[in-house]
Number of protein chains: 2
Amino acid sequence: MNLAPLVQSFVLHFGEMGSRWGINRTVSQIYALLYVSPQPLCAEEIADALGISRSNVSMSLRELQTWNLVLLRHRPDDRRDFFTTPDDVWLILRTLAEERKKREVDPTLSVLREILMQRPASEAERHAQERMSEMHALIEQLTHWYDDVKQLETERLATLLSLGAKVTKLLEAKDRVISLGRGRRPNPANKS
Amino acid sequence: MNLAPLVQSFVLHFGEMGSRWGINRTVSQIYALLYVSPQPLCAEEIADALGISRSNVSMSLRELQTWNLVLLRHRPDDRRDFFTTPDDVWLILRTLAEERKKREVDPTLSVLREILMQRPASEAERHAQERMSEMHALIEQLTHWYDDVKQLETERLATLLSLGAKVTKLLEAKDRVISLGRGRRPNPANKS
DNA sequence: TAGTGATTTCAGAAATTTCTGAAATCACAG
DNA sequence: CTGTGATTTCAGAAATTTCTGAAATCACTA
């Protein structure tokens, strides 16, 4: 591995993290490298920097492309491909989330729905279905939230996040306003 | 594997998903099995049901215990341990999130902070630090949000999620109210 | 203290995943 | 068309992860 020390620490850690989240270590390292590099890199430069074979780089880049995680760049009078990442970290996060949802969450919902359609053949199966139905409901709720907030511009999303739990305070305030608006007296049991 | 067909589909899919998220396939299968089982199971029953060795079950259960994901139960006059999962799916999700944060996110933040403390020895390193600093800021924002909302009771959390992006509408309303309160006129440029 | 059955440990086996080099393919220039 | 250099493919090698059975440990009883 042939990298500035500071970059190397980052690349190694990122590779390690990737593999803990089910992403190939080399793929993660390549991504980390592209992410911090000042210019786009070509395959050979990547192979060189990480000390891995050219073919491994080729396959890993293809993998990253199927995840929509890298951008292709070209130089005049050079037919090699150069690779880089978007420089907006929020966009990177969005892409990652979208792809993992598509590949892992959506299929899981299908499987659950399919199983829930079937008639249970025993008490054990009946109970299992009940449990799966709870899991299905949870995942649906999370994906609905995700589908909703992913529409927000990044700036609004950031604001929403930075408010965190404080939003619930607002909700309570709103509830009171609505009760009033309906001509009801504020309900003293409706504590904040 | 010796399971009701419907349970088997679930266990197999869950095992597959687990391994895509960096969790050992067998560990995931065991968890799935415990999750849908009507009663707690002992190690032998698990080995039997999944067709794996007793020792594998032992190691996998230990792994699940270090993740705080299983509960131990006992029967009178029986000194074997019986295992089950919490039946609140939200609690399961919270535990999973907390453990992964502890093991993967927090260490990543440390590594980033450590790298950012160092003096860059080149222009490449200077640029890399800038990128890492953006990543650090993103992760910090997400974990702050997480630390905040994890305090909410599940019911409130669910409400918050089901509102999704609608919350931002409220925020705008609030902003207007505040401007009014300060004696300013509502700003017509401040569209909802 | 010895005996019993459950549980854990761990070295090596098995399975899976990742990686490589050689060959094939591709894209373009002359 | 032929030559050149970049890129991809893929069968097998290497590395890593997972799994097992035998032995050790543990908890409890008589």
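These legends describe close-up views of a predicted model.

**View 1. The surface near DNA strand D draws on chains A and B.**
DNA strand D is surrounded by 20 residues. The closest are Ser55(A), Thr26(B), Ser53(B), Ser55(B) and Asn56(B). From chain A, helix 3 (43-50), helix 4 (54-66) and strand 3 (78-84) each supply at least two residues. From chain B, helix 2 (25-36) and helix 4 (54-66) each do likewise. Helix 4 of chain A gives the largest share of this surface, five residues. Sorted by class, the surface near DNA strand D holds eight charged, seven polar and five nonpolar residues.

**View 2. Chain B carries an open sheet of three strands.**
The strand order is 1-3-2, and the pairing is antiparallel. Strand 1 (41-42) and strand 2 (71-75) of chain B are the edge strands. Each of these edge strands pairs on one side only.

**View 3. Strand 2 and strand 3 of chain B pair in the antiparallel sense.**
Four bridges link strand 2 to strand 3 (residues 78-84) in chain B. Across this pairing, Leu71(B) stands opposite Thr84(B) in strand 3 of chain B.

**View 4. Helix 5 of chain A packs against helix 6 of chain B.**
Two packed helices are described by the angle between their axes and the distance between the axes. Here, helix 5 (residues 89-117) of chain A and helix 6 (residues 123-149) of chain B pack at about 60°, and their axes are 10 Å apart. Angles from 65 to 115 degrees count as roughly perpendicular and those under 35 as roughly parallel. Helix 5 of chain A and helix 6 of chain B are therefore oblique to each other. Their crossing is right-handed. On the helix 5 side of chain A, the contact residues are Val89(A), Trp90(A) and Leu93(A). They meet Glu134(B), Met135(B) and Leu138(B) in helix 6 of chain B. By class, this contact has five nonpolar residues, one charged and no polar.

**View 5. Chain A meets chain B through residues of several helices.**
In this interface, 55 residues of chain A are in contact with 56 residues of chain B. On the chain A side, two or more residues come from each of helix 1 (5-20), helix 2 (25-36), helix 5, helix 6 (123-149), helix 7 (154-163) and helix 8 (166-181). Helix 6 of chain A gives the largest share of that side, 16 residues. The side of chain A that touches chain B comprises 32 nonpolar, 15 polar and eight charged residues.

Definitions and conventions
Residues numbered from 1 in each chain as written. Chains lettered and ligands numbered in written order. Predicted model: local features only at pLDDT ≥ 70, side-chain atom pairs only at ≥ 80, totals over all residues. Near = placed C-beta within 6 Å. Nonpolar A, V, L, I, M, F, W, Y, C, P; charged D, E, K, R; others polar. Pairing = 2+ DSSP bridges. Axes fitted to C-alpha atoms, helices over the stretch in contact; angles between N-to-C directions. Parallel < 35°, antiparallel > 145°, perpendicular 65-115°, else oblique. Left-handed = near helix turned anticlockwise from the far one by under 90°. Contact = placed C-beta atoms within 7 Å.
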